[in-house]
Amino acid sequence: MDEVVELKLHPITKLRSAANCRFLDTGPHPPRRGPRRKYDGKVNFQDLRRFADLGLLADRAHVQLSTATVWHVSLKRALRVVVLVNRKDPAKPRSIVLASTDLELDGHTLVELYVARFQSEFLFRDSKQFTGLADCQARAEAALAFHFTAALATLNLARAEELQGRTDQLPQIFSMASWKQRKFTERLLDLFIESLALDPTWVKNHSEYDKLRTYGAIAA
């Protein structure tokens with residue numbers, strides 16, 4: 001985490017519900033000799049009375065947010081933490097603890113950024129499985145950068161084509177496996193048209209062409 005911060009970046013992570021943290025002492029310095037006290041008690045993430053209330057999560061009215069700046073003993077640094085308490089079942093509330101090294105980060109923004117990580121994971125997963133992100137054997141930095149850019153750009157272009165072809169407002173269901181299968185089938189049909197000297201306009205305007213083009217594709 002220290003190395004990430006040295007790069008002027010701020011990691012966002014999930015902590016254990018029993019993470020060893022302490023409240024920072026922000027009160028006035030008592031009139032006594034010696035250095036001022038750094039900490040003001042151990043953090044209990046089940047007792048949020050000393051946390052600032054951030055209200056409810058925007059899209060989930062049963063999730064309560066609370067935040068505080070605490071000292072993480074193992075990481076040896078101050079963290080902005082946000083505790084999300086799910087009260088959908090009042091008898092059994094569940095909570096998770098998110099944290100960031102950016103002490104000025106808004107609690108709601110921290111949650112939004114953490115949720116966005118799943119979209120990033122989908123991007124790398126699909127790039128590894130379908131566009132060859134991890135298949136390059138080059139060693140030169142420039143060659144590796146070109147390969148990574150090409151693999152990720154291919155996936156982004158497929159997503160863009162999916163969005164442009166949509167005619168409804170339903171939630172997007174994107175499957176790179178389906179797109180790869182469709183592109184392979186389209187190329188195979190083009191090969192049949194060329195080899196058999198067929199009229200491509202007649203074939204592609206046929207009512208069964210889309211059925212053949214999407215053969216083997218999955219929904220999600």
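This is a predicted model: local features need pLDDT of at least 70, side-chain atom pairs count only at pLDDT 80 or more; totals for chains, interfaces and linings use all residues.
What volume does the largest pocket have? About 520 Å³. Hello everyone, that is where I'd like to begin.

Residues are numbered from 1 along each chain as its sequence is written, and side-chain values use heavy atoms, with hydrogens and water left out.

Back to our pocket. On a 1 Å grid over the protein atoms alone, a pocket is an open set of points where a 1.4 Å probe fits, with protein on both sides within 12 Å along at least five of seven lines. Its volume is the space filled by probe spheres set on the points, which are joined across faces, edges and corners. Lining residues have an atom within 4 Å of a point.

The largest pocket has 19 of them, and Leu57, Arg60, Leu84, Val111 and Val115 lie nearest its centre. Two or more lining residues come from each of β5 (60–72), β6 (77–86), β7 (94–100) and α2 (107–130). The largest share, 6 residues, belongs to α2. By type, the lining has 11 nonpolar, 3 polar and 5 charged residues. Here Ala, Val, Leu, Ile, Met, Phe, Trp, Tyr, Cys and Pro count as nonpolar, Asp, Glu, Lys and Arg as charged, and the others, Gly among them, as polar.

Next, follow α2 to its neighbour. Helix α3 (residues 141–164) packs against α2 at an angle of about 110°, with the axes 9 Å apart. Axes are lines fitted to C-alpha atoms, for helices over the stretch in contact, and angles run from 0 to 180 degrees between N-to-C directions. So α2 and α3 are roughly perpendicular, a label for 65 to 115 degrees. Phe122, Leu123, Asp126 and Ser127 of α2 are in contact (heavy atoms within 4.5 Å) with α3, through Ala151, Leu152, Leu155, Asn156 and Arg159.

And α3 also packs with helix α4 (residues 176–195), at about 85° with axes 11 Å apart. This pair is therefore roughly perpendicular too. That contact has 4 nonpolar, no polar and 4 charged residues.

How values were computed
Helices (H or I, at least four residues) and strands (E, at least two) are DSSP runs, numbered from the N terminus. Angles under 35 degrees count as roughly parallel, over 145 as roughly antiparallel, 65 to 115 as roughly perpendicular and the rest as oblique.
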